[in-house]
Amino acid sequence: MTFSRLTAASAAALFASAGLLSAQDASCPIKVGVLHSLSGTMAISETTLKDTMLMLVEQQNEAGGLLGCEIEAVVVDPASDWPLFAEKARELLTVHEVDVIFGNWTSVSRKSVLPVIEELNGLLFYPVQYEGEESSKNVFYTGAAPNQQAIPAVDYFLEELGIEKFALLGTDYVYPRTTNNILEQYLKDNGIAEDDIFVNYTPFGHSDWSTIVSDVQALAADGSLVGVISTINGDANVGFYKELASSGIDAADIPVVAFSVGEEELSGFDTSNLVGHLAAWNYFMSADTPANAEFIAAWHEFIGDDSRVTNDPMEAHYIGFNMWVNAVEAAGTTDVDAVRDAMYGQEFPNLTGGTAVMNVNHHLSKPVLIGEIRADGQFDIISQTEEVPGDAWTDFLPDSAVLTSDWKDLGCGMYNTETETCVQIKSNY
Amino acid sequence: MRALVRSNPSILWFLGLLAAFCLGVTFLAEATGTGAISTSFVKTLGKTLCLCLVAIAMDVVWGYCGILSLGHMAFFGLGGYAIGMWLMYARTEIIVSASLASAAIPPTPQEVEDAIASQIFGVVGASEFPWLWAFADSLVLQLAMVVLVPGLLALVFGWLAFRSRVTGVYLSILTQAMTLALSLYLFQNASGLRGNNGLSGLQNIPGLGGVPQSVVSIAFFWVSAVALALGYLLFAWVVSGKMGSVVRGIRDNEARVRFLGYHVEGFKLFVFTLTAIVAGLAGALYYPQAGIINPAEIAPIASIYLAVWVAIGGRGRLYGAVIGAASVSLLSSWFTGGGAPDIDLGFYEIQWTDWWLVLLGLSFVAVTLYAPKGIGGLIDLVAERRAPSRSRDLGPDASALRKTEAAE
Amino acid sequence: MLRALVLFLTALLACAAPPAVAQDSQLQAILQTHADEVADPGRRSVGPLIDDLAASGLPGIARFLDRWSNKQVFLNAGDGLFYYGARDGETFALRDIASDEPVGTAPASALEEIRPNGGVRRVIGSALVQFQLSDPDRATRVDALDALARRPAADQLEPLRASIEGEPDPALKARKERLAGLLTARFGEGTETRVAAIEDLADATDIETRAGLNRILASRSEVAETLPEGVNLARVLEIGPDLSEADAYSRLVDDGLAPAPVTNAEVKTALTANIQNGAVAGIPVEQLSDPDRRTEAYAALAASGAVPPLVTPEAQAEAVASHVFYEVYEDPDPVVTEAARSALDTIEARVARFQVLDIGLDAVSLASIYFLAAIGLAITFGVMGVINMAHGEFIMMGAYTGYVVQQIVPNYTASLVVALPLAFAVTFAAGVALERLVIRHLYHRPLETLLATFGISIALQQLAKNIFGTQARPLTAPDWLGGAWVMGDVVAIANIRIAIFVLALIFLCVLLYILKRTRLGLEVRAATQNPGMAGSMGIDPGRINMLTFGLGSGIAGIAGVAIGLYAQVTSEMGSAYIVQSFMTVVVGGVGNVWGTLAGATLIGGLQKGIEWFNPSNTLAAQTYMILFIILFIQVRPKGIVALKGRAAGD
């Protein structure tokens with residue numbers, strides 16, 4: 001007790017003395033903007049991330065703050081309204097003058113914020129798995145790119161399960177569309193005929209799944225093994241899995257791998273009929289490591305509810321925030337350009353074991369995990385890869401295959417390796 | 001003009017207040033004044049002016065003509081899409097030509113177009129321009145689209161609806177179905193307007209890359225203010241004089257006006273289409289300030305909010321619509337933005353981000369029940385006290401409220 | 001021997017508990033030789049291990065395979081041996097792998113749970129088949145047959161045939177016979193046996209049979225200059241209908257039968273590489289923004305031999321025309337493939353008819369959901385001429401009532417029995433309150449009612465969010481509603497949907513009874529037709545309005561429970577149904593139960609019909625449906641079933 005207080009005090013003193021040098025660079029308190037919807041349709045997912053950020057900030061302050069300053073979290077509510085995201089980002093950067101923003105969930109909200117962040121040279125940490133095909137100088141993507149989630153999951157289907165026909169079911173918006181485009185090309189490259197790929201898009205919150213499920217079942221009529229790749233988002237999953245269960249589709253008959261179904265989503269229904277279906281993420285709450293146990297305990301204590309689950313985007317914020325803290329300490333300032341340079345090559349241990357590394361394309365190297373749904377709403381991790389570096393531009397679409405992103409040496413996020421020119425410095429939005 | 005002002009004394013008041021407000025904002029803005037008002041707030045105010053404009057249009061079609069359209073935000077959104085297409089195209093064209101110019105061989109026109117298309121549509125996994133974008137390279141043609149697309153849609157829809165004498169609640173629901181169908185259509189990636197992502201980065205005006213947003217925002221603010229002023233004048237003219245009387249007559253008793261020999265459908269169609277065009281223009285000014293337009297903006301709820309603003313502000317009064325739109329939308333962003341302090345009741349803490357919508361919903365019921373004239377009614381009370389007028393106000397009269405809306 | 005000794009010693013050192021008897025088991029020894037594969041099995045690599053196990057003929061093999069695939073085998077890090085384990089608090093109770101005798105406990109940290117993935121489980125399952133076909137436990141036999149159907153193999157035919165004789169369960173016996181027939185058709189000896197088996201299959205529609213026949217008909221596509229003799233030809237592909245010319249040409253390129261066409265990008269690269277003094281083949285670079293000039297420059301380069309020549313479209317067409325594209329059956333026996341083809345054709349014709357039935361049932365199910373959601377709205381609209389925008393929120397309220405009841409009453413069946421009437425009561429009360437507090441004051445102002453109830457709707461939705469959160473809440477159907485009614489593996493309709501259909505029927509009858517046979521119904525009909533006259537006949541319009549509003553809302557509550565059982569319960573579920581309900585009412589015609597039924601049927605059928613034509617985009621179906629409704633109103637502005645009399649308006 002006394003000892004730990006002593007170390008904390010000495011650490012604080014150490015930081016203070018180190019901070020003196022850069023006191024003119026970092027004005028106290030250091031402000032961290034949190035741009036997550038607290039109301040509207042996305043509040044369901046994003047509120048958890050806001051709480052995660054508050055917890056991380058609190059932990060960092062207890063550990064002595066940053067550069068001798070307290071960290072202050074500035075929380076705003078963009079209310080799941082995409083134009084409002086841009087407005088609130090501008091407010092954070094110009095009115096509250098935050099040093100960094102952690103936020104966004106949907107791709108469209110990120111696209112809404114991008115022009116503002118780039119115009120004002122802000123810094124955004126984006127924690128959710130997304131469709132790739134983007135690289136911004138001012139954004140660090142701590143969630144999975146398609147090659148860190150979708151491609152390994154399809155590999156698992158092809159290699160481990162021997163799936164011969166694929167049903168790509170998704171909600172009709174940009175993440176499923178782009179991911180499915182990439183996957184279709186990838187499957188064709190792997191010798192799956194175009195006729196053996198069934199694609200369907202449904203609206204947000206879709207509830208009438210009977211026809212689609214029987215369409216999927218009909219695929220198996222030629223004796224092929226059918227697998228479903230689901231990018232179905234949010235609530236609609238409830239109806240989809242209920243229909244699967246009532247049609248008696250067992251994971252052994254038609255396995256479903258989902259990219260948007262995690263612990264949080266599974267708490268919305270009874271999983272006893274879904275045992276054996278799959279999900280691919282970079283993190284599962286059931287990961288058996290000391291770091292994860294500690295993180296879960298801290299989360300339960302912070303939120304005051306032992307039944308709350310943790311999920312992949314929370315881990316992304318955990319890694320992103322800690323990397324940012326380390327980068328700020330390395331740079332000795334919160335200045336965006338200095339911090340960005342210090343971010344490259346930053347390493348931080350994953351909660352699932354191994355080490356995440358920030359690459360020059362602003363994406364992380366992270367392991368890919370595949371989990372089977374258990375009856376208690378958690379996942380059995382049945383496959384864990386080595387760290388996979390995130391790829392901003394997919395190798396499986398001809399237009400993107402020639403592009404690469406390197407903000408450190410090339411200073412360009414959209415560099416055409418064939419013509420050896422930078423297509424554009426700003427990102428595409 | 002003088003006659004118009006005489007019949008509508010509110011015009012002078014309105015224009016005067018609007019001018020004073022604009023000058024005040026200009027003196028406090030970052031680019032042109034002290035900087036007391038942040039750029040993001042200038043944008044909010046500019047957007048609010050556009051909302052006021054579409055609210056006036058809504059007031060004319062509902063408060064004066066008695067058509068409760070639950071689809072006017074569709075026209076607003078279409079205007080935004082029309083201008084957004086040009087903004088995206090022109091901006092991307094600049095980027096692409098700069099990038100292709102450095103190649104060893106000059107690009108063919110086809111290559112330039114393909115590169116623009118894959119930049120714009122890469123995000124939705126396509127790389128070709130749909131036919132919708134045929135005119136996107138021309139500002140003039142797209143500006144024409146801002147007027148033509150909402151206008152034509154309103155004309156066709158209105159003609160179909162009014163011709164078959166769909167009125168009252170039925171019409172409201174049909175207009176709602178129209179906006180729902182449109183938003184569902186646009187939600188599809190295959191619609192050619194980038195699906196759920198919509199058009200983004202609209203605040204970056206092509207060719208003005210070097211101009212800071214603080215200047216752009218104040219410019220748009222002024223343009224929006226001028227548009228609002230002109231819109232106010234236009235609609236004040238429409239609802240005054242003989243045509244205004246006929247329009248109000250249609251609201252109060254459609255059958256009687258028809259028996260008097262007026263072509264009711266023609267008047268309704270004119271008002272419906274005109275207000276749709278103005279809504280489209282307002283949208284074209286709104287979305288470059290908002291920065292992004294997507295199908296959620298056209299969802300039925302948006303149009304219902306529009307009706308709510310007008311009802312709270314006071315129907316049948318142009319200034320009522322302005323007051324309603326400005327106050328409710330600004331209050332809304334103040335409450336949801338966490339600006340309002342939480343109230344601690346001891347046993348429960350009221351957080352306005354959670355409870356604002358409950359308050360809005362209930363206050364809306366209260367206004368409908370107890371103050372059908374809305375906030376504008378208060379102004380009438382004051383005006384009445386200062387200069388009692390012999391003529392009745394132009395709002396729906398008691399009998400109109402009670403009987404003929406129930407024709408269906 | 002030495003290895004066993006080492007194992008023995010390490011085990012003894014690491015953990016004293018397991019008795020020595022465990023060590024000399026042959027099973028453990030086999031597992032140890034494949035230790036890596038047992039601990040981390042892969043679908044492709046697990047074969048040798050399974051073969052070794054099967055070859056050993058040890059008694060505990062079936063038990064091991066079964067538990068292995070059920071994640072009950074553990075690797076003890078201490079002694080490197082495999083055990084069966086069961087969690088017991090913080091520790092695990094271990095059992096010997098061969099004898100299944102308890103051998104002590106180990107802490108969770110020392111054990112690694114072995115988790116074979118789905119692909120491995122499938123392989124294990126099919127290895128287990130021969131052990132389980134005659135298992136006394138019926139469920140095990142069903143598992144074995146499922147595994148057999150999933151991964152049919154030639155060597156399973158004999159054990160399967162052998163097990164048919166002793167099968168006590170008639171249903172399983174039939175299934176075994178069918179599977180045996182299927183296996184004979186695929187793997188049997190001799191053309192006649194197989195053809196006979198195939199012909200027996202022609203009266204089935206199930207997915208296993210179709211899969212088996214399709215497997216017999218598996219073909220590969222080939223290309224050659226002339227059609228070869230002596231192959232079992234499936235069909236010749238025609239250029240145009242079967243295969244596009246571009247695809248055909250790329251087949252030729254892939255097979256090395258034609259040169260690859262030069263793409264525009266390649267042209268550009270070639271030109272860039274051959275720039276000399278600001279010109280390519282004499283054509284100045286700045287003129288190369290013209291595609292014609294580019295072709296010219298490239299042709300000049302090709303003429304000089306610097307680049308491969310362009311492949312003209314004519315050359316491509318010629319290359320395609322001079323080849324024949326065809327498909328060949330993998331099975332060399334033409335008699336068998338012929339029989340399979342005709343059997344499959346018969347089956348597929350039947351399947352197509354069933355599919356129409358299936359889509360019809362889906363449409364009926366959707367229609368009954370729309371009917372339940374809309375009927376309450378239709379009644380209130382008919383009687384009072386007001387549209388209740390908060391109707392969707394009453395649906396939501398009913399669903400949440402079901403959720404709350406399920407939190408208190410854990411038994412799903414009992415909770416459903418409680419939830420249905422309770423949901424009715426709650427929403428009935430809410431409806432009456434809304435009518436008394438708000439709508440009563442706005443009679444004859446329907447547009448204002450529309451807006452006021454909309455205010456209520458926003459408030460209720462947000463209130464639900466504040467109370468229940470934005471996360472979807474579980475509302476689980478009891479097990480007896482869980483499965484599906486399946487016919488020939490084609491027609492499948494979830495039991496819960498059948499239940500909703502029955503519920504809709506019940507409400508249709510109840511409403512018809514109330515409206516046609518009771519005093520209240522008479523008064524309601526009177527008030528619908530002519531409120532003024534009804535009032536002067538002594539009917540209290542206030543009371544009628546209140547009761548109809550309550551009744552309409554109550555049905556919405558029940559609809560909410562029903563919808564929640566098959567879909568998600570969220571605060572926004574109401575708004576997903578409200579517009580659909582309006583459409584139903586408007587299309588069907590106001591104030592008439594039959595009208596609503598007709599409207600719901602039309603909309604449900606239409607939506608499914610459009611989905612059927614365009615299965616990849618459900619969103620488009622909804623858009624087209626709304627467009628259709630807008631046009632429909634042009635033709636019949638009063639809906640399908642129009643009321644006659646004063647209430648018809650105008």
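Trainee: What radius of gyration does chain B have, and how does that sit with a compact globule?

Mentor: Keep in mind that this is a predicted model. For 408 residues, a compact globule would come out near 22 Å, so the value for chain B agrees with that rule. Along the principal axes, its C-alpha atoms fill a box of roughly 80 × 55 × 55 Å. The radius of gyration of chain B is 23 Å.

Trainee: And what share of the residues of chain B count as buried?

Mentor: Buried here means under 20% relative accessible area. Chain B still exposes about 16,000 Å², with carbon and sulfur atoms supplying 69% of that. Out of its 408 residues, the buried share is 59%.

Trainee: How much of the contacts in chain B with a separation of 6 or more comes from residues 24 or more positions apart?

Mentor: Chain B has 16 helices and four strands to work with. Taking its contacts with a separation of 6 or more, the share from residues 24 or more positions apart is 76%.

Trainee: Over to chain C: which element has the lowest mean pLDDT?

Mentor: Chain C has a mean pLDDT of 84, and 94% of its residues reach 70 or more. Helix α17 (residues 391-408) of chain C has the highest mean among its elements, 94. The lowest, at 49, belongs to helix α1 (residues 2-14) of chain C.

Key:
Residues numbered from 1 in each chain as written. Chains lettered and ligands numbered in written order. Predicted model: local features only at pLDDT ≥ 70, side-chain atom pairs only at ≥ 80, totals over all residues. Heavy atoms only, no water. Helix = DSSP H or I, 4+ residues; strand = E, 2+ residues; numbered from the N terminus. Rg over C-alpha atoms; globule rule 2.2 N^0.38 Å. Buried < 20%, exposed > 50% of the residue type's maximum accessible area, 1.4 Å probe, protein only. Contact = heavy atoms within 4.5 Å. Areas by Shrake-Rupley, 256 points an atom, 1.4 Å probe, with all protein chains shown as cover. pLDDT = per-residue confidence, 0-100.
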